[in-house]
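Dear colleague,

I am handing over the structure below, and I would be grateful if you could read it alongside the notes that follow it.

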Amino acid sequence: MLAFVSSTWNLPHFAASPRLGGEGKLTAIANQITETAAGIKMEVVKFQHIPNLDDRYLISTSDFSASRISLPDAFLRTLSANPTLTLHTGGDTLTISYANSASQPPDAEKMKQLYKIGVQMARDIPPKG
């Protein structure tokens, strides 16, 4: 897991986790169950204008209404382009990790790749205004 912190950020509190990939009915059912369960205590956020993002990630928040979550499109496109990440934001902090890092710890090369993705995402976050 990597954390990026900036006193210039005021990020909404939200989490993004990858959905199960695949085209089968069981995959669709599992993803729907996960989304329904997340919706019990959190609000699921959709970004339909970013290709594949809603298919690849379940994004949810507990602090803001979904309509108030505004993230730069470049940030969201980077997330969509890397469908194996787990991401948390809030206030001045962005944390990023591989979703399977507990069962398959990343090697040095994968950590470098994760760092590059995180730096790109951090650069796309505007300062609080």
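A nonpolar core is here a set of buried Ala, Val, Leu, Ile, Met, Phe, Trp, Tyr and Cys residues joined through side-chain atoms within 4.5 Å, where buried means under 20% relative accessible area with a 1.4 Å probe and protein chains only. This is a predicted model, in which local features need pLDDT of at least 70 and side-chain atom pairs count only at pLDDT 80 or more, while totals for chains, interfaces and linings use all residues. Residues are numbered from 1 along each chain as its sequence is written, and side-chain values use heavy atoms, with hydrogens and water left out.

The largest nonpolar core has 28 residues, of which F47, I59, F75, L94 and I96 touch the most other members. Among the elements that give two or more residues to this core are strand 2 (11-18), helix 3 (73-81) and helix 4 (108-124), helices (H or I, at least four residues) and strands (E, at least two) being DSSP runs numbered from the N terminus. Helix 4 gives the most, with five residues.

Leaving aside neighbours within four places in sequence, I96 is in contact (heavy atoms within 4.5 Å) with residues including M1, F4, L87, L114 and M121. In helix 3, the buried residues are F75, L76, T78, L79 and S80, and what covers them includes strand 2, helix 2 (53-56) and helix 4.

Best regards

Note on methods: Buried means under 20% relative accessible area, exposed over 50%, partly exposed in between (1.4 Å probe, protein chains only).
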